[in-house]
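Please keep the sequence and the model in view while reading.

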Amino acid sequence: PDGMRIRGDINICLMGDPGVAKSQLLKHVASITPRGVYTTGKGSSGVGLTAAITKDVTTGELALEGGALVLADRGICAIDEFDKMDEADRTAIHEVMEQQTVSVAKAGIVATLNARAAVLAAANPLYGRYNRRKSLSENVNLPNSLLSRFDLMFLILDVADVDRDMALARHVTYVHQNEGTESAKKSDTVDTVPMDEDDIDDAEDFGESEQVDDNGKQDISSNVLREYISRARKHQPVVPEVVAPYIVEAYVSLRSQGTAEGRKQKNGDQTVMTPRQLLSILRLSQGLARLRFSDYVAREDVDEAIRLTHMSKSSLMEHDDGGLGDQNSSKRKWGGEDVTSRIFNIIRDFSTSSRSQRIELKLVEAMVLRKGFTEQQLKQCLEEYQNLDIIMMNSTGTHIEMLGDQGH
């Protein structure tokens with residue numbers, strides 16, 4: 001009512017070891033999006049990102065020129081080497097990342113420019129490689145006030161894994177072997193096809209430009225992806241009355257759990273649920289609804305948004321991988337406790353709060369997935385505790401029965 005604007009764009013920060021292709025990902029996103037600007041932190045000054053006053057050589061008049069964030073209005077601004085920016089230049093981004101405006105008061109010009117851009121930033125650790133035993137702010141040279149403006153923060157580590165390293169090495173050598181030959185074949189068979197305005201559904205017309213990889217999956221061409229994004233952005237999903245109480249209840253429970261875990265782990269302010277995270281969940285839910293070309297947010301969108309928030313926070317917590325990098329291990333430590341114990345604690349707490357020994361499996365699945373765990377981890381947990389005779393599944397496999405309140 002008072003004209004206050006709430007940010008609708010999602011800001012994402014990627015942090016990790018050098019050589020994990022963060023810059024390649026940023027460049028690809030900036031090239032695919034209908035309006036994208038790519039810049040680096042060290043090569044961009046504060047006025048270069050926001051706005052600058054220039055003087056005309058002939059007339060001597062002062063003019064206002066927009067920077068990278070203003071040029072990326074209603075698009076994506078990809079900022080690489082985010083941690084290497086000067087402190088004075090970085091303060092200019094604070095206003096853009098929350099209010100989405102650039103306020104200028106220089107040389108007699110007072111103006112407010114729109115900068116409704118989503119910020120995709122990549123940052124490297126302070127001392128070469130990421131130290132899992134230190135908090136995020138100790139590893140990355142960024143203040144907490146700036147980190148809290150990111151909706152999602154993902155940690156990408158360079159972990160030694162034989163299968164993944166083999167696949168990467170084969171891909172790199174294949175690219176060097178066939179350099180130039182693939183593009184020549186493509187140019188012979190495929191001409192640049194203009195995107196039809198009316199039928200994105202007939203994307204198979206562009207099948208000639210799509211490739212099938214070794215796993216049988218089809219690659220989507222940039223034209224189709226760009227058109228899909230522009231169509232999806234036309235939808236403005238709203239939160240229906242049925243879903244609103246569900247979001248409130250989920251946020252309050254996450255807030256209480258996050259505060260308790262933050263005190264226990266002492267992992268800094270980044271892993272504690274803040275009121276900004278509620279807006280993040282709403283933004284992510286609306287983004288997922290846009291992907292379905294829907295005008296209403298469904299409960300599944302909220303669950304997926306909360307799962308994404310949990311996954312981004314869990315990547316910042318300390319995992320005890322034992323140096324093996326086994327992604328599928330259900331015994332991975334998470335805050336000093338293995339995954340199966342955490343999943344069982346979720347089930348036991350729900351059983352205690354609902355005062356019922358019989359719980360529906362669908363409810364348990366929704367709760368566990370929302371916390372960032374996978375279906376495979378839930379299945380392993382249920383099998384393990386069934387063998388211990390702590391829980392029991394009914395014959396149809398739809399309900400879980402708690403066999404007494406045993407601790408673990």
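Which residue follows α14, and is its phi positive or negative? The residue after α14 is Gly372, and its phi is positive, near 100°.

The structure is a predicted model, in which local features need pLDDT of at least 70 and side-chain atom pairs count only at pLDDT 80 or more, while totals for chains, interfaces and linings use all residues. Residues are numbered from 1 along each chain as its sequence is written, and side-chain values use heavy atoms, with hydrogens and water left out.

The protein has 15 helices and 15 strands, where helices (H or I, at least four residues) and strands (E, at least two) are DSSP runs numbered from the N terminus. Of its 408 residues, 38% are buried, a term that stands for under 20% relative accessible area, with exposed meaning over 50% and partly exposed in between (1.4 Å probe, protein chains only).

Helix α14 (residues 361–370) packs against helix α15 (residues 375–387) at an angle of about 125°, with the axes 10 Å apart; axes are lines fitted to C-alpha atoms, for helices over the stretch in contact, and angles run from 0 to 180 degrees between N-to-C directions. That angle makes α14 oblique to α15, since angles under 35 degrees count as roughly parallel, over 145 as roughly antiparallel, 65 to 115 as roughly perpendicular and the rest as oblique. The contact (heavy atoms within 4.5 Å) is made by Leu361, Val364, Glu365, Val368 and Leu369 of α14 together with Glu375, Leu378 and Leu382 of α15. Within α14, the buried residues are Leu361, Val364, Met367, Val368 and Arg370.

Rings of Phe, Tyr and Trp (its six-membered ring) pair if their centres lie within 6.5 Å, and planes under 30 degrees apart count as stacked, over 60 as edge-to-face and the rest as tilted.

| Pair | Centre to centre | Angle between planes | Type |
|---|---|---|---|
| Phe82 and Phe150 | 5.9 Å | 85° | edge-to-face |
| Phe344 and Tyr385 | 4.2 Å | 5° | stacked |

Phe82, in the loop between β5 (76–80) and α4 (87–98), and Phe150, in the loop between α6 (144–147) and β9 (152–156), lie 68 residues apart, and both are buried. Phe344 belongs to helix α13 (residues 339–354) and Tyr385 to helix α15, 41 residues apart. Phe344 is buried at a relative accessible area of 2%, and Tyr385 counts as buried at 0% relative accessibility.
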